[in-house]
Amino acid sequence: MSDRRVLIVGGGSVGLAAAVFLTRHGVTPLVLEQQPGISVHPRATGIGPRTMEFLRQAGLEQAVDDVAVDMSAGGAVKLTMHTLASADLSAAAPGMALGSAWSQGDPSPARVRGVCPQHRLDSVLLPAARDGGARVRFSARVRECAIESGGVSVTLDTGEVIAADYLIAADGVRSTVRERLGIGVSGPGALGEPTVSILFRADLTRYTGGRHFVNCTITNPDAPGLLVTVDGEKEWIFHARADEMSDAAAHFTDEHCRELIRAAVGDDALPVEIVSALPWRPRGHLADRFGQGRVFLAGDAAHTVPPIGAFGLNTGVADAHNLAWKLAAVLRGDAGPALLDTYDAERRPVAAMTLAQAMIRLADPILHWDPTAAERRAAAGALHAPVVHLGYRYDSAAVIDPQPDLPSTEDVFADLDGAPGSRLPHHRLPGGASTLDLIGTRCTVIAGNHRWIAAASDAADRLGIRIDSHVIPLSHKEIRPWAQTVGIEPDGALLVRPDQIIAARILTAPPAPAHLLHHLLTRILAR
C-alpha cells in the first residue's frame with residue numbers, strides 16, 4: 001500500500017507508534033512532523049505494561065527495554081526531601097518501591113525494567129517505522145486540513161498539498177487538525193500552577209549514591225519543584241514553578257535555571273548544563289469525538305491527561321494500536337468502513353475513564369502510589385493502577401456480546417477473565433511463550449481441538465480473508481486453569497482481534513463451527 005493511503009500528522013511518540021503499527025499490517029504511511037527532528041525534551045517517562053505488550057507484538061520489546069533506565073534492582077518511585085543533598089537515599093523508606101502497584105502478580109508478559117523517557121522511546125520507534133517502509137518528514141508544518149469526497153488533504157506552510165485516503169491527527173494538545181475540523185473539547189482545562197520543565201545535565205551520583213528514583217519532590221523554599229529522572233545519572237528534568245506562562249521564557253534564563261537546580265540539589269557550586277526550558281501547565285481535556293469522516297484523533301489531540309500515573313502517553317499509544325489494525329483491514333478490503341466507527345466507540349470511553357482517574361489521583365496521590373490503599377480508593381472511586389492500564393474493556397459493534405462492567409476495581413486478574421471486549425489473559429505456555437504471543441496481524445481463533453482449524457480456514461475462504469488459528473491443549477493440567485479463567489470448555493474457542501482483544505467467546509463447540517465463525521467475523525469486520 002502506498003504511503004498516501006494514510007497520513008499521520010505529528011511525529012511524536014504516538015504518531016511514530018501509529019506508523020510502526022501500520023507498517024506491521026502492510027500500510028506504509030507518511031508522517032509529517034513540524035519540528036526539525038525528534039524532541040530531546042521528554043514530556044513523559046513512564047511506559048506501562050500494555051504499551052510494552054504492543055511493542056512486544058511489534059518486535060520492539062527488547063530494543064525499548066535496552067534504552068530504558070535500569071531500575072530492576074529496586075528504587076523509590078516517589079521521594080520528598082528538602083534538597084537532594086539533605087538526605088541519604090540509601091536510607092529512604094522503600095514504601096513506594098518501583099512495581100509496588102503490581103504486587104498482585106504478573107498479569108502481563110511484558111514489562112520495561114524502569115523509566116523510558118520519550119526521546120529514548122522515539123529513538124527506537126523512528127528507525128522501526130522507517131525500516132517498515134514509513135516515510136517521516138520533519139520540518140513539515142500543516143496549516144490546513146480538509147475532508148474531501150473519498151479522501152482527505154492537508155496543506156503545508158510551504159503551500160504543498162498532500163492527499164490521502166485517511167488521516168491520523170497526533171499533533172498534540174493544540175492540534176491544528178482538530179481545530180480546523182471544528183472538533184470541540186470538554187474537561188477541566190488548565191490545572192495547577194504554571195510550570196517550567198528544565199532539562200539539564202549534571203552528575204548527581206555523589207548525592208544519589210547510584211540509587212534510582214522516578215521523581216523527588218523538593219521542598220526547599222528557594223527552589224520548590226520536582227526533580228525527575230531522565231537517565232538516572234547525568235540527565236534530569238526539574239519542574240519549577242512559574243508565576244505566569246506569558247513571561248516564563250524571558251524569566252527562566254540559563255543562569256536562573258542553574259540557580260534553581262543548584263538550590264534544589266543543595267550544591268551552590270554544582271556544574272550544570274541547561275539543555276532546554278519549556279513552559280507548560282497540566283491540562284485535562286477530552287475531544288468531543290475522536291473521528292470525523294476520514295480523520296481520526298489520537299494521543300493529546302484526542303485527550304490530555306494530567307501527568308500522574310503515566311496514563312497520558314500510554315493511552316495515546318493504545319489509540320494508535322487500536323486504530324492501526326482497523327485502518328489496515330478496511331484498506332485491504334477485509335472489513336467494511338463501518339469498522340472505523342468503532343474507534344471512537346472504544347477509545348473515547350477509555351480516555352474519559354483515564355482522565356477521570358487522573359483527576360481523582362491529583363486530589364489524593366496516595367490513591368495511586370500506595371498498593372495497600374484499597375479502601376481509600378473505593379471510597380474515592382479510584383481504580384487500582386493495574387486495572388487502569390490493563391483492565392479496561394471495549395463495548396462496540398466489533399465485539400460480540402460485550403461485558404463492559406468491570407468485575408473488580410482492585411484485582412486486574414478478575415477483570416481479565418475472557419469476557420468479550422477484554423484483553424486476552426496472559427498465560428505462559430509450554431516453551432515460555434505467552435498466550436498473547438499467539439496473536440499476530442489477523443483475527444485469531446484459539447481453540448482446544450483441530451476441528452476449529454478447519455472451521456477457521458473454511459470461514460476465512462468464504463469471506464476472502466486470512467485468519468490465524470492455534471490449538472492449545474485446554475484440558476492439559478498446565479493450561480486448564482487458564483481455560484477455566486476464560487470460561488471455555490476443552491472443545492470451545494476464543495476469537496481474538498489483532499489488538500489482542502477478545503471479540504467473541506464460544507463456550508463449547510456448536511454443530512457447525514465454520515458457519516458460526518463466518519457469522520461472527522462478518523459482524524466484527526462490518527462486512
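User: Hello! Is Val-486 buried or exposed?
Analyst: The relative accessibility of Val-486 is 0%. Buried means under 20% relative accessible area, exposed over 50%, and partly exposed in between (1.4 Å probe, protein chains only). Because 0% is under 20%, Val-486 counts as buried.

User: Thanks! What kind of model am I looking at?
Analyst: Residues are numbered from 1 along each chain as its sequence is written, and side-chain values use heavy atoms, with hydrogens and water left out. Local features need pLDDT of at least 70, side-chain atom pairs count only at pLDDT 80 or more, and totals for chains, interfaces and linings use all residues, since the model is predicted.

User: Where does Val-486 sit, and which residues does it touch?
Analyst: Val-486 belongs to helix α16, residues 480–486; helices (H or I, at least four residues) and strands (E, at least two) are DSSP runs, numbered from the N terminus. Contact here means heavy atoms within 4.5 Å. Leaving out residues up to four places away in sequence, Val-486 touches Asp-417, Gly-418, Pro-425, Leu-494 and Arg-505.

User: How many Å separate the C-alpha atoms of Val-486 and Leu-416?
Analyst: Along the chain, Val-486 and Leu-416 are 70 residues apart.

User: Is Thr-45 buried or exposed?
Analyst: Look for Thr-45 in the loop between β2 (30–32) and α2 (49–57). Not counting residues up to four places away in sequence, its contacts are Val-115, Cys-116, Pro-117, Val-228 and Thr-229. With a relative accessibility of 14%, Thr-45 counts as buried.

User: How do helices α1 and α4 lie relative to each other?
Analyst: Helix α1 (residues 13–24) packs against helix α4 (residues 118–131) at an angle of about 30°, with the axes 9 Å apart. Axes are lines fitted to C-alpha atoms, for helices over the stretch in contact, and angles run from 0 to 180 degrees between N-to-C directions. Angles under 35 degrees count as roughly parallel, over 145 as roughly antiparallel, 65 to 115 as roughly perpendicular and the rest as oblique. So the arrangement of α1 and α4 is roughly parallel.

User: Which classes of residue make up the contact of α1 with α4?
Analyst: Ala, Val, Leu, Ile, Met, Phe, Trp, Tyr, Cys and Pro count as nonpolar, Asp, Glu, Lys and Arg as charged, and the others, Gly among them, as polar. In α1, residues including Leu-16, Ala-17 and Val-20 meet residues of α4 that include Leu-121, Asp-122 and Leu-125. By class, this contact of α1 with α4 has nine nonpolar, three polar and one charged residues.

User: How many salt bridges are counted?
Analyst: Side chains of opposite charge can pair when their charged atoms come close. A salt bridge is a side-chain nitrogen of Lys or Arg within 4 Å of a carboxyl oxygen of Asp or Glu. By this rule, the count is 25.

User: Which residue forms a salt bridge with Arg-377?
Analyst: The closest N and O atoms of this pair are 2.7 Å apart. Arg-377 is in helix α12 and its partner in the loop between α13 (385–390) and α14 (412–415), so parts 33 residues apart in sequence are tied together. Arg-377 is buried at 0% relative accessibility, and its partner is Glu-410.

User: What is the N to O distance between Arg-376 and Asp-364?
Analyst: Arg-376 counts as partly exposed at 44% relative accessibility, whereas Asp-364 counts as buried at 19%. Their side chains meet in a salt bridge, with an N to O distance of 2.9 Å.

User: Which residues are linked in a network of salt bridges?
Analyst: Some salt bridges join a pair, such as Arg-180 with Glu-144, at 3.4 Å between the closest N and O atoms. The network links Lys-326, Glu-346, Arg-497 and Asp-499.
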